[in-house]
Amino acid sequence: MERSPVVRGSSAGSPQWVGRSEELSSIGRFLTALRRGVGGCVLVEGTSGIGKSALVSEAVRVAGATDALILRGSADEFCVSLPFQMITEALRPVRGVDPAPQVSTLWGASARSPELAGVQEALARVERECARQPVVVIASDLQWADHASLTVLGSLMRLTAQVPLLLIGELTIGSSRDEVLQLRRAILARGAHVVTLGPLPARDTAALGGKLLGATLAPRLRKLCQETGGNPLYVRELIAHLVREDLVSIEAGRADLIPGAEAEQRLPGSLGAAIADRVGHLGKDTLEGLRACSMLGASFDSGELKAVLDWPTERVAGALEEASATGVLRDTGEVIEFQAPLLRRALYESMPTPVRALRHRQIAQVLDAHGRPAERIAAQLGLVGGTADDWTLAWLASSGTALLYRAPELARRLLRGTTDALPWGDERRETLEAIYAMADYLTGKLPECEVIATRLLAHTQDPDRAAEMTWILGYALLQQSRPVEAIEAVTSAGERWALTPVWEARLCALHGLILTAVDQDLTCQESLPVLQRAMELGNALGDAQTIAYTTNSLVVRYLREHRYDEGRRLLQIGLDAAGTDPALTDVQLLLLANALHLESSVDEVDRAHERLRQMRKLALEAGTARLGGVLTASSTFTYSIGLWDEALADLELAGEMPAAPYLTLLRQAVLALISVQRGDLSLAEEYLAQVGNPDDLPPSGWMVLGTVWQARLALAEVRGATDEAKAILHRVRSEDFHTVVEDAYRLLAPGMSLALRLGEQEVAADLLDDAQRQAVKDQRSVVRGVALHCEGLYNEDPEPMREALALFKRARRVLDEASCAADLAVLLASAGELAEAKEHMHVAVERYQELGAAGELARADARWREAGLRRGVHGSRKRPAAGWESLTPTEQRIAELVADGLSNPDIGERLYCSRRTVQTHVTHILAKLGLRSRGEVAAEIAGRDPSAAALG
C-alpha cells in the first residue's frame, strides 16, 4: 500500500506503508539483481488509484538503491501525439542536445526526422549511463505514452538482457491502444515479471485508515473504509475528507465517526466525489490555477503556467504553494506535476466541454506568443475540436512546416479536414494542402500523399508551389514502384507552369534520377542526356540540390559501367555540393552509399570502412527515413568482406526500419544467402519465399537479382534439385544476364564448379567466356579473380587459381578465397599433389569457419572426400557452440571492450559499427558464455590465462 502524508489529527510521526509485502519483495529481488549488474523488466498493472506508482517508489526506497540512477517519466492523454513526451521527462537528468535543426522547406523536412534521431540518441544516453552505474527507468501511465517513447521503451526492454538496466512499466488496466498492447505483449514474451495489483485486503484497508489517522479504527469507521473497495487512493481521500469536515473523533487512541446521521450524509460516495471534494476546499486562486494546470497536462513548467494565467509572480507562487501543501501538486525542480492523475482529470473534467475548447485555443495562442515549440502548441489545438478558426489556420500555415518536421503524425491529424471549407482562392488553402501532402509522405501514407498533391496541382497557379509538389509527387510515385507515372508527372510540370530556372533544374535532376533507378540494363539512352542537361542547369545556377542529386545519378551509371575514376571524381563534386546542409541529408546519404560501393569495389577497404562510419553517423544523427537503407547497404559491404555477423546485426535492425521496397527485398535476399551458406536451409527458403519470383520483381529490383539468383543456385545444389540448378545455370549463361543483373560475376565461379560436376560442358564453356569478358570490361581485382578461378576449373589448371587466391586475399573477399582454395584443393588432389592440396584445404576450412559457413564447408567436405582428401585432426577443428572458443574474433574483441567498461555506443564508435550492431554481438557473447551481465564478462576475461587465445 502507499505511503501517505500525515493528515490533520494524525498522531503518526512519519509516513507509513501498509501491506503489499509480496509485491514489494518481488520488485526488490530485481533491484537486488541490478546491483550485481543483471537487468530486468517488471510490469505493474492495476486500476486507477490502486497504488502502482506508490508501490514502485516504496520498492526503490526499501531496496535502498542509492547507487542506481532513477529515471522516471509519466504520460497523460495529452502526450499521445507528442513525440518523446514520456521519455524526455524520464531522461531530464541526462539531458542531451536537441537533434533537430530548423528547416524552411517541405523537402527539407523530409531529409531528417527528429523522432527517429531522438530514439537513437535516447538509447545511446541510457546505455552510456548503464556503463557508469545501474539504471532504473520507470515509465508511469504507459497507457498514454506516445509512439516515440514506446519505441524507446521497446528497445530498452531488449537492452535489459545485457546491461544493468531495470525497466519498470506502470500500466492502468483497460487500455485498448494497439501500440500499448503490442508493447505489453513484447514485454510478456521476453519473460518480464508482472505484478498485478488488486484491491487491498480488508485488514490492510483498515490498517491504512488507522495509519492515516494515527489511531485504531472503530467498527463503524472500519466498515466505511471497506466501502472504498480496497482502493488506497480512495481511502486516503476519504480520511482526508473526514478530517477536513471534522467528522471523525479520536479518543484514547480509537478513531470513530462523530455521532449523528448528518455525518453519514456528508461523506463522499465515490472516489470521484472524494477527489472533487478535495479540490473544492481549495482557495479561489488555487482552484483557478489548478484548472489551468490541468489543461497543460500531467507535468509543465512554471513559466508556462505564469504565461497562461497572466498573473503577478506572487499570486502564481501563492496558488502553487497551497496546491503543493495540500498534496495536489509537487515540484520536482525541473517540472511541476500532479501527485495523482485522477486529481488532474477531475479538475479538467469539472469544466464544461465548450469552456475547455475555448481555453485550449487561448492557451495555444499564449504558448505561441511565448515561443514554445510547435508541437506543444499543436497539442493544445488538437484538443479543441470542431472547425478551425482563423487564428488556427494562420498558425498552421506559418508553423506547419516546423510542426510536420518535429511531429508529422500530429500535423497530419490537425490538418485532416481543415482545408475542406476553404475556397481555392484563399491562399491558406494551398499552403495547408502542401503541408498536408508532406505530412502524408513523412508518415508513409504515400497513396494519400498522391491524392492531396494531385488535387493541389490541379488548382494551383503558383509555379514554385507546383514544382515543389511535383518533386514530392514524383518521389512518392517512384517509391510505389510506378516510375512511368512519376516521369509523366515530372515532365509535364514544365508544360503546365512557367517554372523558375531553379525548379526547372531540380525537376530535370529528378527526371534523371527516376530514369536511372529503373534503367536496369543501361539500354535506356534517355537518362544520360537528361542528367547532362540537369548538370548544366545546376552548375549555371549554382544550385546545390540539383548538382548533388544529378551527380549521384551519374555516379550510379558510372559504377554500373565500371568507370570508377569518373565515378570518384563526380562523387567528390556531389559531396562538396551537398556539404552539411541538413535539408540535403537525403542526397548526402545516397552519395556516401555510392562512395562505399565504389571504394569497396576497387579494394580500398579501409577507405570504405571510413565511408561506412560517416554514413552511419549521419544517418543516426539525422534519424533519416533512409536509416533502413543505410543499414542494408552496410550489410552488403560487411557481407562481401566476410564480416557476416556484423551484416546480420545490421539487417536485424534494418528490418525494424521503414525502407523502400527494393531495400526490403535486398535485405531478405542477403539473409537468404547467408542462411543457405550457413546451412539453415529452411530459413533460406523462407526468406526466398518473401522475395518471390525474381521475374516478377519491380523495375527497381535489378539491384537484388544477383543476390537472389546466387542464393537460389546454392539452395538448389544443396537440396539436390538438379533440374532447377541446371535451369539457373542456363539462365546465367544467357547473353543478357550480365546486362540485367548487377554483380552477376558472383555466380560464375560457383556456377562453373557446379556445371562441371553436372557434366554441363557447354554451359561451363559459356560461363568461362562470360567471366573473361567481364574481366576485360571490369578491371576490379575480384572480377579478375573470378575469371582466373573459372579458367583454372575449366582447364584443370591450378596456376590461374593460385593467382585468383592472391587477388581475393588482397581484396579481403573471404568467401571467394575459401571457395577458390576449396576447389584448388580438389584439383590438386586429383592430380596427386596431396601436400599442397591439404594446405589449401586447411585454408578453406579456416575461412569457412571464420564465416560460420557450415553449409559451404559441408559441400566442400563432400568434394574433398571424393578426391581422397580427409581433414584429419587439424582440418576437423570446429568452433564449439559454447564457451570462449565459440566466440568469433569480432565477438572476442567486443568482449574485451565490454570488460574495459565501454558502453555499446562507445564500442560502436571504436569499431565503426552501429550501437545496435554491438548490442546484438553482446547478446550473442552472453549466450555463448552462459553469462547474465557485462560484469560477468569482465570477470570471465580477468580470470583467463593471459597466454590463452588472444583477443581480437
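Trainee: Is methionine 752 buried or exposed?

Mentor: Methionine 752 is buried, because its relative accessibility is 0%. Buried means under 20% relative accessible area, exposed over 50%, and partly exposed in between, with a 1.4 Å probe and protein chains only. Before we go on: this is a predicted model, where local features need pLDDT of at least 70, side-chain atom pairs count only at pLDDT 80 or more, and totals for chains, interfaces and linings use all residues. Residues are numbered from 1 along each chain as its sequence is written, and side-chain values use heavy atoms, with hydrogens and water left out.

Trainee: Where is methionine 752, and what does it touch?

Mentor: Methionine 752 sits in helix H38, residues 748–757. Helices (H or I, at least four residues) and strands (E, at least two) are DSSP runs, numbered from the N terminus. Not counting residues up to four places away in sequence, methionine 752 touches Ala764, Leu767, Leu768, Cys790, Leu793 and Tyr794. Contact means heavy atoms within 4.5 Å.

Trainee: Next, tryptophan 395. Which helix holds it?

Mentor: Tryptophan 395 is part of helix H19, residues 390–406. Its relative accessible area is 3%, so tryptophan 395 is buried.

Trainee: How many residues apart are tryptophan 395 and leucine 756 in sequence?

Mentor: They are 361 residues apart in sequence, and 72 Å apart in space from C-alpha to C-alpha.

Trainee: What about a charged residue, glutamate 433: buried or exposed?

Mentor: Glutamate 433 counts as buried because its relative accessibility is 0%. It lies in helix H21, residues 427–442. Leaving aside neighbours within four places in sequence, glutamate 433 has contacts with Thr419, Trp424, Ile452, Arg455 and Leu456.

Trainee: Let's do a whole helix. How many residues does H15 have?

Mentor: H15 has 13 residues, 313–325, and reaches 18 Å from its first C-alpha to its last, close to the 18 Å expected at 1.5 Å a residue. The expected span is 1.5 Å times one less than the number of residues.

Trainee: Which residues of H15 are buried?

Mentor: Val316, Ala319, Leu320 and Ala323 are buried in H15. They are on the same side of H15 because they cover an arc of only 95° around the axis. The arc is that of the directions from the helix axis to the C-beta atoms. On the other side of H15, Glu314, Glu321 and Ala325 are exposed.

Trainee: What covers the buried residues of H15?

Mentor: The cover includes helices H13 (284–296) and H14 (302–309), as well as strands E10 (329–331) and E11 (336–338). Just after H15, glycine 327 has a positive phi of about 80°.

Trainee: And strands? How many residues of E3 are buried?

Mentor: Six of the six residues of E3, 135–140, are buried. Val135, Val137 and Ala139 point one way, while Val136, Ile138 and Ser140 point the other way.

Trainee: Which strands pair with E3?

Mentor: E2 (residues 69–74) pairs with E3 in the parallel sense over six bridges, and E4 (residues 165–172) pairs with E3 in the parallel sense over five bridges. Two strands pair if DSSP finds at least two bridges between them. Leucine 69 stands opposite valine 135, and leucine 166 in E4 is the bridge partner of valine 136.
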